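Please open the model in the viewer and keep the selection panel at hand. The tour begins at the ligand and then moves on to a pocket.

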Amino acid sequence: MGKVSTGLTMSLDGFIAGPNDGPGAPLGEGGERLFAWYSGGDTEYGLPGTEMVFEVSSQSAEMLREAHAGMGAFVTGRRTFDIANGWGGDPPLGVPTFVVTHTAPEEWVYEGSPFQFVTDGVEEAVERASAAAGDKGVAVGAASIAQQCIRAGILDEIHVDLVPVLLGDGVRLFEHLGAGPIDLRSTRVIEGAGVTHLTFRVVK
Ligand SMILES: NC(=O)c1ccc[n+]([C@@H]2O[C@H](COP(=O)([O-])OP(=O)(O)OC[C@H]3O[C@@H](n4cnc5c(N)ncnc54)[C@H](OP(=O)(O)O)[C@@H]3O)[C@@H](O)[C@H]2O)c1
């Protein structure tokens, strides 16, 4: 089974979105700064499964290429899905995508839908995603999903794209983690343009 990992962009004070996020402001007030690194370099990187092309540093492009190549499925939360408007039907990274929710949205539930909705919890979603991913890894996105994976002890790796900004408020990544401390081992640090890519293994 491949590893289960997060891959989120975070401000130095720990937020993955600013306050008042919603479809009109997907990363909240001021949160667009978080994704500035995707257009802050001189190397083009095409996001698999989409028509999106980023312009990042060569170091970031290499890191993204490697991370995305190892990713076989994606698990995210319903708020991210709604805020992103279901990515217009093109799941990010073009891999099987599982959305954790209490109620599946009728309009996206049909034979051949690009999304699978999981209403019986994060662990079940990760299990189904792992089966779909084969020997590749599972990426878990959004704060609430990452937190539940950490609490359940099923997260193997934390990857954070750390951006030098203090947002002050918003959606915090590392909270509601249950009893700590949780030990991590730093496995990689890559300096990009406007971002530092940090990878940690969760010590179990
Ligand atoms: N910076 C980055 O790299 C990055 C990446 C991705 C997303 N984001 C941002 O992160 C924010 C969203 O994160 P979030 O943590 O607030 O929300 P989220 O994880 O995307 O979604 C939370 C929702 O998922 C459903 N859910 C979660 N756990 C569940 C469970 N165990 N059982 C059933 N349903 C469950 C619930 O929705 P229902 O009750 O409605 O079903 C819950 O309200 C957005 O601002 C997004 O733009 C940032």
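**The ligand and its shell**

Select Pro26: one of its backbone N or O atoms lies 2.7 Å from an oxygen atom of the ligand. The model is a predicted one, in which local features need pLDDT of at least 70 and side-chain atom pairs count only at pLDDT 80 or more, while totals for chains, interfaces and linings use all residues. Residues are numbered from 1 along each chain as its sequence is written, and side-chain values use heavy atoms, with hydrogens and water left out.

Next, select Arg79, where a polar side-chain atom lies 2.5 Å from an oxygen atom of the ligand. At Val100, a polar backbone atom is 3.4 Å from an oxygen atom of the ligand. The protein covers 80% of the 940 Å² of accessible area that the ligand has on its own (Shrake-Rupley method, 1.4 Å probe).

Now display the 22 residues around the ligand (a heavy atom within 4 Å); Asp21, Arg79, Thr80, Thr101 and His102 come nearest. This shell divides into 12 nonpolar, 7 polar and 3 charged residues.

**Helix α4**

Select residues 143-152, helix α4, whose buried residues are Ala143, Ile145, Ala146, Gln147, Cys149 and Ile150 (buried: under 20% relative accessible area, 1.4 Å probe, protein chains only; helix: a DSSP run of H or I, at least four residues). Just after α4, Gly153 takes a positive phi of about 75 degrees.

**The second largest pocket**

Finally, select Met10, Ile150 and Phe174, which are among the residues lining the second largest pocket. Its lining has 11 nonpolar, no polar and no charged residues.

Methods: Buried means under 20% relative accessible area, exposed over 50%, partly exposed in between (1.4 Å probe, protein chains only). Helices (H or I, at least four residues) and strands (E, at least two) are DSSP runs, numbered from the N terminus. A polar contact is a pair of N or O atoms within 3.5 Å; within protein, one must be able to donate a hydrogen and the other to accept it, and residues adjacent in sequence count only if both atoms are side-chain atoms. Ala, Val, Leu, Ile, Met, Phe, Trp, Tyr, Cys and Pro count as nonpolar, Asp, Glu, Lys and Arg as charged, and the others, Gly among them, as polar. On a 1 Å grid over the protein atoms alone, a cavity is a set of points where a 1.4 Å probe fits but cannot get out, and a pocket is an open set with protein on both sides within 12 Å along at least five of seven lines; lining residues have an atom within 4 Å of a point.
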